[in-house]
Amino acid sequence: MVWLLNNVYDVEHRAYFMSEKKMELTPLKIRSHGASSVMHYEERYTPYIEMTGLLPFVQLVSRSTPNLNAAAVTALIDRWRPETHSFHLRTGEMTVTLQDVSMITALPIEGKPLCMSTDSEGWRQQMEALIGMSPQEPEVEDGGKKDRVPVGATFTWIAANFSHCPEDADDEVIQRYARVYMWYVISRTIFADGTGKNAPWMWLKALTVFDNKFSWGSAALAYLTTKDGGVGGCMLLLLVWSWKRLPVGRPKSSQWNTWDDHGNPVRQPTWAYKWDLVSEVASEVNLLYKQYTNEMDSLTPEQVRWFQS
């Protein structure tokens, strides 16, 4: 077919399976896990989180986020082309831009690239120097093999050790808890993986210096989609972008929870606040996926919001 751009990609692409193989596909499982309420946010963390440029985003996702619509996201991802990094719709090509990232998440889009080494040598010692402890190494019985463990920590370990900062904590301890809180949040939202269980060490290492001035927004955009057509990372970004641009799967905004900016302009709400509380989708997910697929295929230019407003 003429729309197939690259044979190497297409043999693994969902669109190929649907159009050429006539396979009936099901919605993807979204790799996004939310910020979770088990980690308690402390206003004492605020000055340090603000230094990283992550404060508006952390405030956004630590409050609440709407339930993610797997059927709508999948119908959109089916039209993703990795060669062009854009969604190929009947009405033309569209993509998430850095401006979208900034408007929806308030993540900084200027600054140094977030290029972290995956070298894990001595990571436990480095983690202990940074936050005072590291996960215990698994015990190995005589003659047994050591289990392969992730380079980082499980979310349950983080919550068990850092969920509440002591009331009498000094500045050094508060910084440690603030650093772990950010590590926990960004590992579950910006850089969510398929397991939903682990926070990789490299994201904590990126928080060694608070004012490194990283372009977190660029990293979030790059992490959003993968070569094989998979989807992960900051699903709140993708979903709000889709709701803003396309009518497919767009919920009704029911109300807004009170937003406290603490008199700080940096903490004012972003685009995503419009979807603070939305009407829930009640239909069965597979049926919705078929409905949204048909709606994507019948979009007209008048239904698409191409520019920000």
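## Overall make-up

Among contacts in the chain between residues at least 6 apart in sequence, 77% link residues at least 24 apart. The model is predicted. Its chain has 309 residues, of which 47% count as buried, and the secondary structure comes to 13 helices and seven strands.

## Confidence

The chain has a mean pLDDT of 84, with 84% of its residues at 70 or more. Where pLDDT is low, the predicted coordinates should not be read in detail.

## The nonpolar core

The largest nonpolar core holds 87 residues. The members that touch the most others are Leu54, Phe87, Ile131, Ile158, Trp183, Trp216 and Leu238. Helix H9 (residues 171–188) supplies the largest share of this core, 10 residues.

## Helix H8 and its surroundings

Helix H8 spans residues 155–162, and its buried residues are Phe155, Trp157, Ile158, Ala159 and Phe162. These buried residues pack against helix H7 (123–131), strand S4 (152–154), H9 and S5. In an α-helix, residues three or four places apart point the same way, because there are 3.6 residues a turn.

Ile158 is one of the buried residues of H8 and also one of the core members with the most contacts to other members. Leaving out residues up to four places away in sequence, Ile158 touches Met39, Ala153, Ser163, Val180, Trp183, Tyr184 and Ala199. Trp183, one of these partners, is likewise listed among the core members that touch the most others.

Asn198 lies in strand S5 (residues 198–200). Its relative accessibility is 15%, so Asn198 counts as buried. Apart from residues up to four places away in sequence, Asn198 touches Pro150, Ala153, Thr154, Phe155 and Asp193. One of these, Phe155, is a buried residue of H8. Ala153 is a contact of Asn198 and also of Ile158.

Asn264 is found in the loop between strand S6 (253–255) and strand S7 (277–278). Asn264 is buried because its relative accessible area, 18%, falls under the 20% cut-off. Beyond its neighbours within four places in sequence, Asn264 is in contact with Glu50 and Leu55.

## The cavity

Rolling a probe the size of a water molecule over the atoms shows where empty space is left. The count comes to one cavity of 30 Å³ or more, and the largest cavity has a volume of about 30 Å³. Its lining consists of Thr52, Ala206, Leu207, Val209, Phe210, Asn212, Lys213, Phe214 and Trp216. By type, the lining divides into six nonpolar residues, two polar and one charged. Trp216 is both a lining residue and one of the core members that touch the most others.

Lys213, which is part of the cavity lining, has a positive phi near 60° although it is not a glycine. Lys213 sits in the loop between helix H10 (201–205) and helix H11 (216–223). With a relative accessibility of 53%, Lys213 counts as exposed, because the cut-off for exposed is over 50%.

Ala106 also has a positive phi, about 65°, and is not a glycine. Its place is in the loop between helix H6 (98–105) and H7. The relative accessible area of Ala106 is 22%, so Ala106 is partly exposed.

How values were computed. Residues numbered from 1 in each chain as written. Predicted model: local features only at pLDDT ≥ 70, side-chain atom pairs only at ≥ 80, totals over all residues. Heavy atoms only, no water. Core = buried A, V, L, I, M, F, W, Y, C linked by side-chain atoms within 4.5 Å. Buried < 20%, exposed > 50% of the residue type's maximum accessible area, 1.4 Å probe, protein only. Helix = DSSP H or I, 4+ residues; strand = E, 2+ residues; numbered from the N terminus. Contact = heavy atoms within 4.5 Å. 1 Å grid on protein atoms, 1.4 Å probe; cavity = no way out; pocket = protein on both sides within 12 Å on 5 of 7 lines; lining within 4 Å. Points joined across faces, edges and corners; volume = space filled by probe spheres on them. Nonpolar A, V, L, I, M, F, W, Y, C, P; charged D, E, K, R; others polar. pLDDT = per-residue confidence, 0-100.
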